[in-house]
Each structure stands twice: as C-alpha cells, then as structure tokens.
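Dear colleague,

I am handing over the structure that you will be looking at from now on. Please open it first, and then read the notes that follow beside it.

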Amino acid sequence: VIHKDPSTYIDDSISIPRDIDIDSESSKNLAISAKDPWWKTILSGYSTGVIYVITGHPFDTLKIRLQTNTQQNLFRHLYRGILPPLITTPPSWSINFVLYQAALK
C-alpha cells in the first residue's frame with residue numbers, strides 16, 4: 001500500500017511539485033547562462049547558425065522547387081546557393097544569443 005500526501009497530488013496519476021527552487025539545477029541546465037563568457041556565447045550562436053543553414057538549406061531548396069513546379073532534377077544540387085545564407089545567418093544567430101544572454105543579466 002502506497003500512502004500519498006493529498007497536498008501534493010490531484011489524483012492518483014498526477015503529482016505537482018510544491019517547492020521549486022529557481023536557482024537550483026534547472027537553471028544550470030540552460031544552454032546559455034548569464035555567467036558565460038562572451039566568446040562562448042558568440043561561438044555557440046555561430047555554430048548554431050551554421051548547423052541551421054547546413055541542415056535547412058536542402059529542404060528550402062526542395063520547397064522552392066516544388067512550389068515552382070520544377071519536376072526534373074528535383075534532388076540535384078540541393079546545396080547550390082548555400083554561400084550567401086552561410087555568410088549571413090550565423091552572425092545573426094550570434095547576435096540573437098548575445099542579446100538573450102544580456103537579457104538574462
């Protein structure tokens with residue numbers, strides 16, 4: 001027989017924690033914290049932007065080809081034209097990460 005405290009349970013399957021410490025382990029698990037050095041934040045943002053472009057560009061190319069009814073060579077040259085987004089997107093992600101870190105302070 002399991003005894004349950006009625007103040008922490010709504011019914012038999014749902015439990016609600018009553019004492020949550022915001023400065024505990026949950027805040028240490030954030031990707032960016034207010035205490036991180038600026039170079040780590042910029043590097044994190046830049047690498048996120050590179051990964052975003054490399055993984056998303058082929059899908060965007062396919063989407064455009066499907067929307068313009070280009071049926072021949074649908075899956076050829078999916079990375080053609082990746083250089084402009086690869087140059088412009090990672091710095092914007094870095095700025096976004098730096099501004100988020102500044103907002104945490």
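Aspartate 60 has its place in helix 2, where helices (H or I, at least four residues) and strands (E, at least two) are DSSP runs, numbered from the N terminus. At 34% relative accessibility, aspartate 60 counts as partly exposed; buried means under 20% relative accessible area, exposed over 50%, and partly exposed in between (1.4 Å probe, protein chains only). Between aspartate 60 and leucine 78 there are 8.9 Å in space, C-alpha to C-alpha, although the two are 18 residues apart in sequence.

Please keep in mind that this is a predicted model, in which local features need pLDDT of at least 70 and side-chain atom pairs count only at pLDDT 80 or more, while totals for chains, interfaces and linings use all residues. Residues are numbered from 1 along each chain as its sequence is written, and side-chain values use heavy atoms, with hydrogens and water left out.

As for the whole, the protein chain has three helices and zero strands, in the pattern α-α-α along the sequence. Of its 105 residues, 18% count as buried. Among the contacts (heavy atoms within 4.5 Å) in the protein chain with a separation of 6 or more, 63% are accounted for by residues 24 or more positions apart.

Helix 2 covers residues 38-67, and its 30 residues should span 44 Å at 1.5 Å a residue, which agrees with the 41 Å between its end C-alpha atoms; the expected span is 1.5 Å times one less than the number of residues. Within helix 2 there is a kink of about 40 degrees at glycine 56, shortly before proline 58, the bend at a residue being the angle between axes fitted to the seven residues ending there and the seven starting there. The buried residues of helix 2 include Gly45, Gly49, Val53, His57 and Pro58, and what covers the buried residues of this helix includes helix 3 (83-104). After helix 2 comes asparagine 69, whose phi is positive, near 60 degrees.

A search of the whole structure finds two aromatic pairs. Rings of Phe, Tyr and Trp (its six-membered ring) pair if their centres lie within 6.5 Å, and planes under 30 degrees apart count as stacked, over 60 as edge-to-face and the rest as tilted. Tyrosine 52 and tryptophan 93 form a tilted pair, with 5.5 Å centre to centre and 50 degrees between the planes. Because tyrosine 52 lies in helix 2 and tryptophan 93 in helix 3, this pair ties together parts that are 41 residues apart in sequence. The rings of tryptophan 93 and phenylalanine 97 have their centres 6.2 Å apart and their planes at 65 degrees, so this pair is edge-to-face. Tryptophan 93 and phenylalanine 97 are four residues apart in helix 3 and therefore separated by about one helical turn. Tyr52, Trp93 and Phe97 form one aromatic cluster, in which tyrosine 52 is partly exposed with a relative accessible area of 49%, tryptophan 93 is partly exposed at 26%, and phenylalanine 97 is buried at 15%.

Finally, glutamine 101 also has its place in helix 3, and at 6% relative accessibility this glutamine counts as buried. Leaving aside its neighbours within four places in sequence, glutamine 101 is in contact with Ile32, Ser33, Ala34, Asp36, Pro37 and Thr41.

With kind regards
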